[in-house]
Amino acid sequence: MKTYTIHLIRHGLTEGNEKGQYIGVTDLPISTAGINELERLRDAGAYPPVQVCYASPLLRCRQSLAVIYPEAASVLVEDLRECNFGVFEGKTAAELEADPDYGAWTAGRLPAPPGGESTDAFTERVCAGFAQMVRHMMENGITQAAAVLHGGVIMRILSVCGLPQLPFFQWMCGSGRGYSVRITPSVYLRSGMVEVLSEIPPAGWELPED
């Protein structure tokens, strides 16, 4: 039976990541350090060959895709944008710790940051975006693809659709890293679940020294 593999890769570092800020819809570029790290990973063979690349339309994902797979055909998927953190955008946890809305949100008592997107809405959106990618692959005979996405998007997709089933934060990955997943149509079309095959780069893989 034909199967399909998508390599879910988190974008490169931004200055917001380096500062520990909540960066969702804020359209930051990747930083110089982020570009350098992606280039080192790419040149060391960390990324598998693919036929097509999907990406969030936000700049940091488009730039990362261009570094990782400079010659690949690309498809932007609007629903794979990062979560909108509302009034928390651009702020760090330390800056927000005295904010009662932030405490309520992190404790699960507030469904969304003020002016932002709820967990339920975010989950529904990114799972629809993932389904769009899978349909595109199946309809076009694409068996190997990459998707350059946001950390929260990868975590949310795998916490809902990934096997083994693990909590949201256990799917966290570093910049330029991610997971390879296999879609078996008979399983996916019945249950919406996908098999997580390996980390990107694989566990135990070390980036060569300069």
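Predicted model: local features only at pLDDT ≥ 70, side-chain atom pairs only at ≥ 80, totals over all residues.
Biologist: Happy with that. In what order do the seven strands stand in the open sheet?

Modeller: Strands are DSSP runs of E with at least two residues, helices are runs of H or I with at least four, and both are numbered from the N terminus. Two strands pair if DSSP finds at least two bridges between them. The pairing in this open sheet is mixed, and the order is β3-β2-β4-β1-β6-β7-β5.

Biologist: Which strands stand at the edges, each with a single partner strand?

Modeller: An edge strand has one side left without a neighbour in the sheet. With a single partner each, the strands at the edges are β3 (73-76) and β5.

Biologist: Let's look at β4. How many of the residues of β4 are buried?

Modeller: Buried means under 20% relative accessible area, exposed means over 50%, and partly exposed is in between (1.4 Å probe, protein chains only). Strand β4 spans residues 144-149 and is mostly covered. The number of buried residues is five of six.

Biologist: Over how many bridges does β4 pair with β1?

Modeller: Strand β1 covers residues 4-10 and runs parallel to β4. One of the facing pairs is I6 opposite A145 in β4. The β1 and β4 pairing extends over six bridges.

Biologist: And which residue of β4 is the bridge partner of Y54?

Modeller: Strand β2 (residues 52-55) pairs with β4 in the parallel sense over four bridges. Within β4, V52 has A145 as its bridge partner. For Y54, the partner is A147.

Biologist: At what angle does helix α3 run to β4?

Modeller: Helix α3 is formed by residues 59-68 and lies across β1, β2, β3 and β4. Axes are lines fitted to C-alpha atoms, for helices over the stretch in contact, and angles run from 0 to 180 degrees between N-to-C directions. The angle of α3 to β4 is about 140°.

Biologist: Which residues does A73 contact, leaving aside its neighbours within four places in sequence?

Modeller: A73 is found in strand β3 and is partly exposed, with a relative accessible area of 45%. Its C-alpha atom is separated by 8.6 Å from that of Y54, 19 residues apart along the chain. Contact means heavy atoms within 4.5 Å, and A73 is in contact with V52 and C53.

Biologist: Now the helices: are α6 and α7 roughly parallel or roughly perpendicular?

Modeller: The axes of α6 (residues 119-140) and α7 (residues 151-161) come within 9 Å and cross at roughly 85°. Angles under 35 degrees count as roughly parallel, over 145 as roughly antiparallel, 65 to 115 as roughly perpendicular and the rest as oblique. That makes α6 and α7 roughly perpendicular.

Biologist: Which elements do the buried residues of α7 pack against?

Modeller: Helix α7 is mostly covered, with nine of its eleven residues buried. Among the buried ones are V153, I157 and C161. The elements they pack against are β1, α6, β4, β5, β6 and β7 (194-200).

Biologist: How many salt bridges are there in the count?

Modeller: A salt bridge is a side-chain nitrogen of Lys or Arg within 4 Å of a carboxyl oxygen of Asp or Glu. R81 and E78 form one with closest N and O atoms 3.3 Å apart. By this rule the count is five.

Biologist: How many residues apart are E37 and R177?

Modeller: E37 and R177 form a salt bridge, with 2.8 Å between the closest N and O atoms. E37 sits in helix α2 (residues 32-43), while R177 is in the loop between β5 (162-163) and β6 (178-183). This pair links distant parts of the chain, with a separation of 140 residues.

Biologist: Last one: is R125 buried or exposed?

Modeller: R125 meets E117 in a salt bridge (2.9 Å, N to O). E117 is buried, at a relative accessible area of 15%. With 10% relative accessibility, R125 counts as buried.

Methods
Residues numbered from 1 in each chain as written. Heavy atoms only, no water.
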